[in-house]
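The following note collects numbered points for a colleague's reading of the model. Please consult the sequence and the coordinates alongside each point.

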Amino acid sequence: MLMQQLQQTQSVKGSVQVEGLSVTFRRKGHINHVLDAINLSIQPGEFVCLLGPSGCGKSTLLNGIAGFLKPSEGYILVDQQPVCRPGADRGFVFQQYSLLPWKTTFQNIELGLKIRGMAKAERTELVNDYLNRVGLYRYRHSYPAQLSGGMQQRASIVRALVNSPSVLLMDEPFAALDAQTRHMMQELLLDIWSDLKTTVIFVTHDIEEAIFLCDRIFIMGVHPGHIKAEIPIHLRRPRHFDDTLSPDFMTLHRQVFDCIREETLKSMEAA
Ligand SMILES: Nc1ncnc2c1ncn2[C@@H]1O[C@H](COP(=O)(O)OP(=O)(O)OP(=O)(O)O)[C@@H](O)[C@H]1O
C-alpha cells in the first residue's frame, strides 16, 4: 500500500513558482513591509531550505505558499495552479507539536484520509505502513501527551505525508528537539524523502541542518525580507551524519555563514 502510494507520488508533481511576491501587514496605521519582490522556482522533488536571520520573513513566505495569507503583490503557483487558500496538495509540519491531544497517534494520522472518504480497511493499512516506517506502530494507540517530542514530530510528518501532498512545507520542525534526536529526525526525513521525492520547503535557522538536508539553500536578507543568495548543495546522497565532518561540508558551511552573517548583523542593528 505504502509502495503504491510512493510510486504515485514520484510523479512530476510538486513544482512551486513564486513571482514578485510582496507581503505587507497593516495594523492600526502601522505598516510592516515584510517580504519584497520574492522570486523562486522550485522543481518537483527538490528539497530546498529557507535560511535567514530571525524576522527576515521565512515563516511568512512559507505561510504564503501554504495559502495561510494573501500576498500584497505577486502570486504563487503550485503545479501551475494559483495558491488562494490551504489545500491538500500542500502538507504542513509546524515547529510546535500540533497533534490533536484528544486523539491517538493513529487517529491523528488517519483524520485527513477519513475526511477524504478513504475506506477504513485501506486507510488502516496505509497508516499502519507509515507507522511501521517511522517506528511508531507500537505507539499507535498512545495519545500525544504520552509521546516524546521526537515521536510527536514523527507522527506530525506522517500525518502530512499520508495525504500524498505534492509539496511538504516544514517550519523549523526540529528546532524544539535535543541535538541527538534532531540528527536522527534529519536522517529519517531524508530517508523518507528519498523514497517519496515529495518537494520539500524547509525553514531553519541552522546552517548545518540546511546543508545536511537540502539540494539548494535560499538565503534571505532583512528589511524587507528578500532572497539574498541561492546556494546549490551538491553533496552526494544518501547523506549521513558523518558527512557533516567532511571538508566539502566545512567549505559550504563557511560560504553560507559568511553570506548570512551580514544579514544577521543588520537585523541586530535594527533591533
Ligand atoms: N500576521 C502578522 N501580522 C503582522 N506582522 C506579522 C505577521 N506575521 C509576521 N509578521 C511580522 O513579519 C516579520 C517576519 O516574521 P516571520 O515570522 O515570517 O520571520 P522569520 O524569519 O520566520 O522569523 P523567526 O526565524 O524568528 O521565526 C516579523 O517582523 C513579524 O513580526
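1. Six strands form an open sheet with mixed pairing, in the order 6-7-8-3-9-10. Strand 6 (90-93) and strand 10 (226-232) are its edges, each pairing on one side only. Averaged over the sheet, neighbouring strands are turned by 20 degrees against each other, direction ignored. Strands (E, at least two residues) and helices (H or I, at least four) are DSSP runs numbered from the N terminus; two strands pair if DSSP finds at least two bridges between them.

2. The model is predicted: local features need pLDDT of at least 70, side-chain atom pairs count only at pLDDT 80 or more, and totals for chains, interfaces and linings use all residues. Residue numbers start from 1 along each chain as its sequence is written.

3. Strand 7 (residues 167-171) and strand 8 (residues 199-204) run parallel and are joined by five bridges. Met-170 has Phe-202 of strand 8 as its bridge partner. Helix 5 lies across strand 6 and strand 7, at about 170 degrees to strand 6; axes are lines fitted to C-alpha atoms, for helices over the stretch in contact, and angles run from 0 to 180 degrees between N-to-C directions.

4. Helix 3 (residues 105-115) has as its buried residues Thr-105, Phe-106, Asn-108, Ile-109, Glu-110 and Leu-113. These pack against helix 4 (120-133) and helix 5 (149-161). After helix 3 comes Gly-117, with a positive phi near 90 degrees.

5. Why does Phe-106 count as buried? Phe-106 has 20 C-beta neighbours inside 10 Å, and a residue is buried if 20 or more other C-beta atoms, placed from the backbone, lie within 10 Å of its own, exposed if 12 or fewer, and partly exposed in between. Apart from neighbours within four places in sequence, Phe-106 is in contact with Val-127, Arg-140 and His-141; contact requires C-beta atoms, placed from the backbone, within 7 Å.

6. Around the ligand lie Phe-25, Asn-32, Val-34, Gly-52, Ser-54, Gly-55, Cys-56, Gly-57, Lys-58, Ser-59, Thr-60 and His-205, the criterion being a C-beta atom, placed from the backbone, within 6 Å of the molecule. Helix 2 supplies the largest share of this shell, three residues.

Methods
Two residues are in contact if their C-beta atoms, placed from the backbone, lie within 7 Å.
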